[in-house]
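Hello,

Here is the structure we talked about, ready for you to open on your side. Please have a look at it first, and then read on for my notes.

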Amino acid sequence: MNLKELSSLLGLSQTTVSRALNGYPEVSEKTRARVIKAAEAHAYSPNTRAQGLATGHSRCIGHVISVSDSAEMVNPIFGDFMAGAGETYAAHGYDMMVTRVGAEDEADTYLNLNARGAVDGIVVHAPRRNDPRMALLDKIGLPYVVHGRSTGVTTPYSWLDVNNTRAFSEATSYLVSLGHTRIALINGQESMDFALRRRSGYESSLRFAGLHIDPALMSTGEMTEAYGHSQANEMLALDMPPTAFLVASIICAAGIRRALDEKGLRPGRDVSIVTFDDCLSYFGNGGDTPVFTAWQSSVRTAGATLAQMLIDRIRDPHAPHETELWEAAFVEGTSTGPAPGKSKD
């Protein structure tokens, strides 16, 4: 079915149908819902290439991943984010382009994409402290949104982030309330802004509780299962091992659980584990009873929301910047309990 046939079926003009499918605000939500329902029922898909030629837009969104962050591309977290973003792009007639580049080539890639008109906008991933990418994208006039924030960047930009500092502060305080005084942090790469915020939350709660911050109980690295496993083994071999782990990813937490199993230690009884859990579609936190105590946030929903923010910005590049700071939700699982020698009371 083409646009003319769909318009005839609905008794609407082709312009109205096109604007409804592309999210223009002048179309009522009732009409938009009716058009989308009909388009889905009749498997209508707009010709984005033809739209691009007619409007001067590519109808494509870019995701540029530096080789230094390449592990992110095979991470289930990235997959869920892209799934959420892709659903929003498809609903508005956009395609996506994922480009992997060398760290030294990233700036040139943005310049090239903009010069060729290959994309209408960019999602900036894995922001770092004082990240230079925002200034570059502002300079060349390419619309963008940021998944996360960059400490040190003072010019306004659109972003969506989770309150990582508060989540890790609350998680640390929760473990302290259970009597734990030797709490390890298995963090993500601290070249990333989110990981620095998580460490800040962890350290602030330790200080508030009057506990020593021990560098031997802190590690930073790529958030893989093997990383969680190796770091847990190293820390459990210390003369004064941790009685609890605070973990940056449920994937790392699975590695820590494997290390405990190999040593005959039971999570929640001998050693506690608290993790940040991104509510992954294909890596769930158990069924009715969560495996891990976690502070949760849906990265799939984040992808969908950021995609909509970017599409809105492409339509109106001079609109005020949007920012969203989400709070993670607490979920109590079986992986935590009182510190050894402490009672539940």
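**The chain as a whole**

Please keep in mind that this is a predicted model. The protein chain has twelve helices and twelve strands. Its C-alpha atoms fill a box of roughly 75 × 45 × 30 Å along the principal axes. There are 345 residues, and 50% of them count as buried. If you take the contacts with a separation of 6 or more, 68% are between residues 24 or more positions apart.

**Strand S5 and its partners**

S5 covers residues 159-162. Trp 159 and Asp 161 point one way from the strand, while Leu 160 and Val 162 point the other way; all of them are buried. S5 pairs with two strands that I looked at. With S4 (residues 144-147) the pairing is parallel, over two bridges, and here His 147 stands opposite Leu 160. With S11 (residues 323-326) the pairing is again in the parallel sense, over four bridges. On that side, Leu 160 has Glu 324 as its bridge partner.

**Helix H9**

H9 runs over residues 193-208, which makes 16 residues. At 1.5 Å a residue the helix should span 22 Å, and its end C-alpha atoms are 23 Å apart, so the two values agree. Its buried residues include Ala 195, Leu 196, Gly 201, Tyr 202 and Leu 206, and also Asp 193, Arg 197, Arg 198 and Glu 203. What do the buried residues of H9 pack against? They pack against helix H8 (164-177) and against strands S5, S6 (183-187), S7 (218-220), S8 (244-247) and S9 (272-277). Just after the helix, Gly 210 takes a positive phi of about 75°.

**Two cavities**

A search of the whole structure gave two cavities of 30 Å³ or more. The largest cavity holds about 40 Å³ of space.

**Gly 337**

Lastly, a glycine to look at. Gly 337 sits in the segment after strand S12 (329-331). Is Gly 337 buried or exposed? Its relative accessibility is 6%, and the limit for buried is under 20%, so Gly 337 counts as buried. Leaving out neighbours within four places in sequence, Gly 337 is in contact with Leu 178, His 180, Gly 268 and Ser 272. The C-alpha atoms of Gly 337 and Gly 179 are separated by 9.1 Å, although these residues are 158 residues apart along the chain.

Best wishes

Conventions
Residues are numbered from 1 along each chain as its sequence is written. This is a predicted model: local features need pLDDT of at least 70, side-chain atom pairs count only at pLDDT 80 or more; totals for chains, interfaces and linings use all residues. Side-chain values use heavy atoms; hydrogens and water are left out. The expected span of a helix is 1.5 Å times one less than its number of residues. Buried means under 20% relative accessible area, exposed over 50%, partly exposed in between (1.4 Å probe, protein chains only). Contact means heavy atoms within 4.5 Å. Two strands pair if DSSP finds at least two bridges between them. On a 1 Å grid over the protein atoms alone, a cavity is a set of points where a 1.4 Å probe fits but cannot get out, and a pocket is an open set with protein on both sides within 12 Å along at least five of seven lines; lining residues have an atom within 4 Å of a point. Grid points are joined across faces, edges and corners, and a volume is the space filled by probe spheres set on the points.
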